[in-house]
Amino acid sequence: MAYDIRQSRAGDLVLLADIERAAGALFASAGIGEVDTDDVAELRFVESVARAAGVFVATKDDKPVGFILSAPLDVHFHIYELSVHPDHGRQGLGRRLVERVCEAAAARGFKAVTLSTFIDVPWNGPFYAGCGFRVLDPAEWTPALYLAHYCEEEMGLPLERRCFMRRDL
């Protein structure tokens with residue numbers, strides 16, 4: 001199967017929720033019931049990220065099968081979400097999407113990319129570590145990361161399993 005990575009188009013954005021739901025279902029197998037597969041990113045948020053030129057899609061036959069949401073947050077570029085439909089998993093698409101975001105962030109003059117993730121879920125913390133990210137100590141958090149932390153707390157995510165990571169560009 002040949003896959004491509006490209007900037008999202010307006011018509012792609014409404015298709016991302018189905019990918020997010022399918023990918024989110026995997027969290028139940030990791031014992032994380034807090035990830036609600038019906039609670040997907042609002043289309044208005046996805047559209048705002050797209051306006052910041054930070055939505056990239058992995059496609060097969062020009063149809064999205066994976067995506068990454070990223071945009072400036074504070075002084076860094078931030079990955080808000082990475083999802084690949086399980087039917088297309090283990091093809092290197094997640095890594096390719098992360099690399100595309102890092103290239104785009106560097107081209108825009110950002111010095112680092114940050115993200116928040118589950119530290120102990122294989123396709124989260126360990127995956128990102130393999131992509132060159134490192135866990136941030138709370139002393140390194142920016143004000144925006146603290147606000148993101150408070151949002152995760154309000155969402156009911158298990159904070160003891162969460163971390164912020166950073167990749168210098």
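Modeller: Helices (H or I, at least four residues) and strands (E, at least two) are DSSP runs, numbered from the N terminus. By that rule the protein chain has six helices and seven strands. This is a predicted model, where local features need pLDDT of at least 70, side-chain atom pairs count only at pLDDT 80 or more, and totals for chains, interfaces and linings use all residues. Residues are numbered from 1 along each chain as its sequence is written, and side-chain values use heavy atoms, with hydrogens and water left out.

Biologist: What is the order of the elements from the N terminus on?

Modeller: They run β-α-α-α-β-β-β-α-β-α-β-α-β.

Biologist: How do you know that the radius of gyration agrees with a compact globule?

Modeller: The radius is taken over C-alpha atoms, and the globule rule is 2.2 Å times the number of residues to the power 0.38. For 169 residues the rule gives a value near 15 Å; the protein chain has 15 Å, so the two agree.

Biologist: Why is Tyr 128 called buried?

Modeller: Buried means under 20% relative accessible area, exposed over 50%, and partly exposed in between (1.4 Å probe, protein chains only). Tyr 128 has 6% relative accessibility, so it counts as buried. Of the 169 residues in the chain, 45% count as buried.

Biologist: What does Tyr 128 contact, beyond its neighbours within four places in sequence?

Modeller: Contact means heavy atoms within 4.5 Å. Tyr 128, found in helix H5, is in contact with Leu 82, Val 98, Leu 115, Thr 117, Phe 133 and Met 165. The C-alpha atoms of Tyr 128 and Arg 166 are separated by 9.2 Å, although the two residues are 38 apart along the chain.

Biologist: What makes a set of residues a nonpolar core?

Modeller: The members are buried Ala, Val, Leu, Ile, Met, Phe, Trp, Tyr and Cys residues, joined through side-chain atoms within 4.5 Å. The largest such core here has 24 residues; Ile 68, Ile 79, Val 98, Val 101, Val 113, Tyr 128 and Phe 133 touch the most other members. Its largest share, seven residues, comes from H4. Another core lies apart from it, with ten residues, among them Leu 13, Val 55, Val 57 and Leu 69.

Biologist: Why is E7 called largely enclosed?

Modeller: Five of its seven residues are buried, so the rest of the structure largely encloses E7.

Biologist: How do you know that E5 and E7 pair?

Modeller: Two strands pair if DSSP finds at least two bridges between them. Seven bridges join E5 to E7, and these strands run antiparallel. Thr 117 stands opposite Cys 163 in E7. Strand E6 (residues 134–135) also pairs with E7 in the antiparallel sense, over two bridges. There, Arg 134 has Arg 166 in E7 as its bridge partner.

Biologist: How do you know that the span of H6 agrees with its number of residues?

Modeller: The expected span is 1.5 Å times one less than the number of residues. The 13 residues of H6 (residues 143–155) should therefore span 18 Å; the end C-alpha atoms are 19 Å apart, which agrees.

Biologist: What puts the buried residues on the same side of H6?

Modeller: They are Ala 144, Leu 145, His 149 and Glu 152. Their arc, taken from the directions from the helix axis to the C-beta atoms, is only 145°, so they lie on the same side of H6. On the other side, Pro 143, Leu 147 and Glu 154 are exposed. The cover over the buried residues of H6 includes E3, E4, E5 and E7.
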